[in-house]
Amino acid sequence: MWQSIISIENLLFAAKRAALGKRGKRAAAEFEYQQLDRVLELQAELQAKIYRPGNYRHFVIYEPKRRRISAAPFRDRVVHHALCNVIEPVFDRQFIANSFANRVGKGSHAALAQLQIYTRQYRFALRADVMQHFPSLDHAILRRAIARVVDDPDVLWLVDVILHSGRGVLEQEYTPVLFEHDTLSALTRPRGLPIGNLTSQFWSNVYLNRFDYFVTRQLGCTAYVRYVDDFVLFGNDKHALYEWKQAIIHELGRLRLTIHESEAQVVPVAQGIPWLGFVTYPTHRLLKRRKMLYFSRKFGKLVFQYQHGSLSFADLSSHVQGWVAHASFGDTWRLRKFMFRRYPLHQNRPALGGVPPDPPSEPECPETQSAELTECRAVK
């Protein structure tokens, strides 16, 4: 396994995957300029066990919620891909079918489709999510889960190096929690995976795989879906779902995780399940209001920039097509028609590169058009 990870072929393939969508970035261009030399240098460092990750670059995003993102240097992202290329397929075969995040052939749309199937088969749903998921993941528990599948000491050395590089990155994002039988020393346990690492997304599934089997096998829940730290259980017995909730709280405690207990309520599926940016009903699916308002403001600014020459049509189109592809997974035809009628594109505009005037402080929001907006969102 180790020789497969550090092979020239795998490292070159990892560099290619790490560069996808980032070839316009300076770090990717610099690595690709002398790619073979840099890959050989990485291989030598890994072979001699002298490889050390560089410093993360941190920034905060606020949509869909506040998160502190940690971007690793490009050469470290190549190492992350090289590791995952080899060990991820081994773990993926052990994951349950209804774990949808960061897996080939899965994704959020497949998760929503499966969720809607269950809304048509069951009366009630229990939706919950893990509090401070990535900041809470315990290194010792994760390391044991990986070692149960990977017994190559060289591979585990690289796992330890990457884990250690992320120690403390999300320390300010974590609210200390003491679990049963804990002493104060438990607060110093290494925890947290940098949001932004490919390995973090993969290891999140490894960490919660035991929980997935607890729900499906020990609780006997046959209708269960999970996407990263958000999960939903279905059933026809409301009281049984509440009993499952208490069992879930206890089991996640063994993994040193907690859920938002007050928000984890059993609800009838007929009232809609808010999940992954949509509200899903047995008969239809609507885009969340917050998602629509966010794009409305963003689209208004993009159209303004395009009309005043500071944004190309290609860049505008790429932003819009991404949103359309996502929104069209719900029943949003009238909403999309309303959005593009609200922000028409004009052909006459200054040449690209011209200096636009000061933009408006805030484009007019569809929220003010309550009657028309309600009509748009209510379409089945």
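This is a predicted model: local features need pLDDT of at least 70, side-chain atom pairs count only at pLDDT 80 or more; totals for chains, interfaces and linings use all residues.
The axes of helix α2 (residues 8-18) and helix α5 (residues 74-92) come within 8 Å of each other, crossing at roughly 115°. The crossing of α2 past α5 is right-handed. On the α2 side, the contact is made by N10, L11, F13, A14, A15, R17 and A18. On the α5 side, F74, R77, V78, H81, A82, N85 and V86 take part.

Next, let us follow helix α10, which covers residues 198-218. After α10 comes G220, with a positive phi near 75°.

Now for the loops. Most residues other than glycine have a negative phi. K49 is not a glycine, yet its phi is positive, and H181 likewise has a positive phi without being a glycine. The table sets out their details.

| Residue | Phi | Loop | Relative accessibility |
|---|---|---|---|
| K49 | about 60° | between α4 (35-47) and β1 (57-61) | 26% |
| H181 | about 70° | between α9 (153-165) and α10 | 73% |

Are these residues buried or exposed? K49 counts as partly exposed because its relative accessibility is 26%, which lies between the 20% and 50% cut-offs. H181, at 73%, counts as exposed, since exposed means over 50%.

How values were computed: Residues are numbered from 1 along each chain as its sequence is written. Side-chain values use heavy atoms; hydrogens and water are left out. Helices (H or I, at least four residues) and strands (E, at least two) are DSSP runs, numbered from the N terminus. The expected span of a helix is 1.5 Å times one less than its number of residues. Axes are lines fitted to C-alpha atoms, for helices over the stretch in contact, and angles run from 0 to 180 degrees between N-to-C directions. A crossing is left-handed if the near helix is turned anticlockwise from the far one by less than a right angle, and right-handed if clockwise. Contact means heavy atoms within 4.5 Å. Buried means under 20% relative accessible area, exposed over 50%, partly exposed in between (1.4 Å probe, protein chains only).
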